[in-house]
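Colleague: Please take a close look at one part of this model, the packing of its helices, and go through it residue by residue where that helps.

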Amino acid sequence: MDILGYSGSGWLPSALYLLLLVFLSSRPKGKIESSAFNGLIKAAIFLILLVHGIQLHDSVFTPKGFVFGFAQDLSLIAWVGLAFYWFQSWFLPIASLGWLVLCFAFICSVLPVLFSGTLISPTSVSDPWFKGHFIVATISVGLLSLAAMHALLMSVQDRALHRQLAIIPNSRIAHWLEDLPPLMTMESLLFNLLYVGFALLSLTVFSGLLFSQALFGKPLVFDHKTIFALISWFLFAGLLLARWRVGLRGRAAIRWVLSAYTALLLAYVGSRFVVEVILQRT
């Protein structure tokens with residue numbers, strides 16, 4: 001069956017994400033889950049990740065060549081973020097972040113079905129250097145996306161602790177916030193994500209700058225994508241330097257993370273969105 005030009009399997013990841021979200025939201029609020037139940041949820045997430053990953057690979061690396069666009073970019077970012085969350089959830093108390101990550105993955109998994117992307121290159125699918133650059137870039141942005149969601153969650157938690165948000169007692173949101181680790185632990189987890197994500201982002205940005213001709217088949221051009229990628233890199237570098245030198249933390253660190261991530265999205269997603277959706281060019 002074809003829907004909007006895609007086979008019915010194109011909708012499968014988003015349908016599975018939706019089913020899992022509906023199931024989780026139907027659970028009684030405040031209920032303490034058993035280890036067996038948590039293991040079952042992790043197994044379900046792993047299976048959905050497998051389906052989503054295969055679907056993404058086949059839709060990007062096609063027999064015609066490398067097909068890509070803002071929708072595929074966001075879907076890959078969400079996949080990497082969820083995969084890293086799944087791995088970390090075995091060792092760290094980050095279960096409360098799962099709802100946010102799953103919602104992001106569900107929304108982003110729908111986009112490639114609605115926006116098919118464009119044929120970027122018929123030959124790059126067989127180029128190992130390009131594939132390596134692409135994989136590292138996707139992982140770095142996915143990790144930093146998870147860090148941005150983590151920072152948003154910290155902002156909500158901080159405002160709730162200072163009673164700057166009206167939270168109904170004994171509500172689902174109240175129980176959700178109560179299940180979060182302490183802010184100090186959340187902050188430590190945030191910077192662990194940032195360290196790894198920034199290292200991979202550095203490799204991505206500077207390999208692209210130095211080997212533009214070999215990777216993309218054209219000389220380096222300081223376009224909007226390159227400029228925003230560099231702005232994001234400098235913002236993340238400044239954040240980590242301030243953390244090391246003066247112990248930057250709290251709301252200032254959160255605002256810095258979100259600003260740097262916004263620039264990153266403008267570089268890797270925003271430019272493709274403008275070309276494909278607003279300008280309707282390939």
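Modeller: K42 is located in helix α2 (residues 35-60), where helices (H or I, at least four residues) and strands (E, at least two) are DSSP runs numbered from the N terminus. This is a predicted model, in which local features need pLDDT of at least 70 and side-chain atom pairs count only at pLDDT 80 or more, while totals for chains, interfaces and linings use all residues. Residues are numbered from 1 along each chain as its sequence is written, and side-chain values use heavy atoms, with hydrogens and water left out.

K42 counts as buried because its relative accessibility is 18%; buried means under 20% relative accessible area, exposed over 50% and partly exposed in between, with a 1.4 Å probe and protein chains only. The K42 side chain reaches the backbone oxygen of S89 at 3.2 Å. A polar contact is a pair of N or O atoms within 3.5 Å; within protein, one atom must be able to donate a hydrogen and the other to accept it, and residues adjacent in sequence count only if both atoms are side-chain atoms. With neighbours within four places in sequence set aside, K42 is in contact with W86, S89 and W90, contact meaning heavy atoms within 4.5 Å.

H57 is also in α2. At 42% relative accessibility, H57 counts as partly exposed. H57 and L76 are 19 residues apart in sequence, and their C-alpha atoms are 9.3 Å apart in space.

Next, the helix pairs. Two packed helices are described by the angle between their axes and the distance between the axes. Axes are lines fitted to C-alpha atoms, for helices over the stretch in contact, and angles run from 0 to 180 degrees between N-to-C directions.

Helix α1 (residues 12-25) packs on α2 at an angle of about 160°, with the axes 9 Å apart. α1 is therefore roughly antiparallel to α2; angles under 35 degrees count as roughly parallel, over 145 as roughly antiparallel, 65 to 115 as roughly perpendicular and the rest as oblique. The crossing of α1 and α2 is left-handed, a term used if the near helix is turned anticlockwise from the far one by less than a right angle, with right-handed used if clockwise. From α1, the residues L12, P13, L16, Y17, L20, F23 and L24 meet F37, I41, A44, I45, I48, L49, V51, H52 and Q55 of α2. By class, the contact of α1 with α2 has 14 nonpolar, two polar and no charged residues. Ala, Val, Leu, Ile, Met, Phe, Trp, Tyr, Cys and Pro count as nonpolar, Asp, Glu, Lys and Arg as charged, and the others, Gly among them, as polar.

S109, in helix α4 (residues 97-114), touches residues of both α1 and α2, including P13, Y17 and H52. Its other contacts include S14 and S75, with residues up to four places away in sequence not counted. S109 is buried, because its relative accessibility is 4%. A polar atom of the S109 side chain lies 2.8 Å from the backbone oxygen of F106.

Helix α3 (residues 70-89) and helix α5 (residues 128-161) have axes that come within 7 Å and cross at roughly 65°. α3 and α5 are therefore roughly perpendicular to each other, and their crossing is right-handed. α3 contributes L76, I77, V80, G81, F84 and Y85 to the contact, and α5 contributes F134, T138, I139, V141, G142, L143, S145 and L146. These residues divide into ten nonpolar, four polar and no charged.

V80 of α3 is buried, with a relative accessible area of 9%. Not counting residues up to four places away in sequence, V80 touches T138, I139, G142 and L143.

As for the chain, its secondary structure comes to ten helices and five strands. Buried residues make up 44% of its 282 residues. Of the contacts with a separation of 6 or more, 79% are between residues 24 or more positions apart.
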